[in-house]
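User: I am new to this structure. Please walk me through it in short questions and answers.

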Amino acid sequence: MLIAERYEGEIDYSKRCSGITARDLRTRRPVWLRAVPRGKNVFSPESVFRFKRIVEALHGLEHPNVERVLDVGENEDLLYVATEEMPEQTLAERSREAPAFDQIAGWMGTAAAGLAAAHARSILHGGLNAERLRLNGAGLKVTGFGEGL
């Protein structure tokens, strides 16, 4: 399926918000694409406005612990956000493996650093939880800004 004449991937229209790995046809690179189908959109127009404002503010934020927003937009049936490709494992999934306390403390420190960078630009997360913290080899990335609105 072609999304916004730029991204190639399959959206699960049965979900309120679908996150998928897609391919950016312009750059030929993988991206993480979150899409809200209009038919499933339970957000009010003002919530959509706030969400877009947050994501657009994130567009210029470069921090190693915050997902990097590449594109935000909408077409006839979707509101979407394209970010750098995200690691698959969330902190919620990893915590089931009972990691050591010092490892958890380190992850929380990197999450706090990412949130502080966003807060310095007056960007609030709006729904932080362990599912929105994604682990990679260098630590973690805070994802899902604006999704809790």
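Predicted model: local features only at pLDDT ≥ 70, side-chain atom pairs only at ≥ 80, totals over all residues.

User: In what order do the elements of the protein chain run from the N terminus on?

Analyst: Helices (H or I, at least four residues) and strands (E, at least two) are DSSP runs, numbered from the N terminus. The protein chain has three helices and eight strands. Their order is β-β-β-β-α-β-β-α-α-β-β.

User: What share of the residues of the protein chain counts as buried?

Analyst: Buried means under 20% relative accessible area, exposed over 50%, partly exposed in between (1.4 Å probe, protein chains only). The protein chain has 149 residues. The buried share is 44%.

User: How do strands β5 and β6 run, and how many bridges join them?

Analyst: Two strands pair if DSSP finds at least two bridges between them. Strand β5 covers residues 69–74 and strand β6 covers residues 78–84. They form a hairpin with three residues between them. Val-69 stands opposite Thr-83 in β6, and the strands run antiparallel, with the number of bridges being five.

User: Why is the pair of Tyr-7 and Tyr-80 called edge-to-face?

Analyst: Rings of Phe, Tyr and Trp (its six-membered ring) pair if their centres lie within 6.5 Å; planes under 30 degrees apart count as stacked, over 60 as edge-to-face and the rest as tilted. The structure holds one such aromatic pair. The ring centres of Tyr-7 and Tyr-80 are 5.9 Å apart, and the pair is edge-to-face because the planes are at 65°.

User: Which strands hold Tyr-7 and Tyr-80, and how many residues apart are they?

Analyst: Tyr-7 is in strand β2 (residues 7–8), and Tyr-80 is in strand β6. Tyr-7 counts as buried at 0% relative accessibility, and Tyr-80 counts as buried at 7%. The pair links distant parts of the chain, at a separation of 73 residues.

User: With which side chain does the side chain of Glu-84 make a polar contact?

Analyst: A polar contact is a pair of N or O atoms within 3.5 Å; within protein, one must be able to donate a hydrogen and the other to accept it, and residues adjacent in sequence count only if both atoms are side-chain atoms. Glu-84 is in strand β6. Its side chain reaches the backbone nitrogen of Arg-68 at 2.8 Å. At 3.1 Å, the side-chain partner of Glu-84 is Lys-141.

User: Which backbone oxygen does the side chain of Lys-141 reach?

Analyst: Lys-141 lies in strand β8 (residues 139–142). Lys-141 is buried, with a relative accessible area of 10%. At 3.3 Å, the side chain of Lys-141 reaches the backbone oxygen of Pro-64.

User: How far apart in space are Ala-111 and Asn-65?

Analyst: Ala-111 is found in helix α3 (residues 101–120) and is buried at 5% relative accessible area. Contact means heavy atoms within 4.5 Å. Leaving aside neighbours within four places in sequence, Ala-111 is in contact with Leu-133, Leu-140 and Val-142. Ala-111 and Asn-65 are 46 residues apart in sequence, and their C-alpha to C-alpha distance is 6.4 Å.

Definitions and conventions. Residues numbered from 1 in each chain as written. Heavy atoms only, no water.
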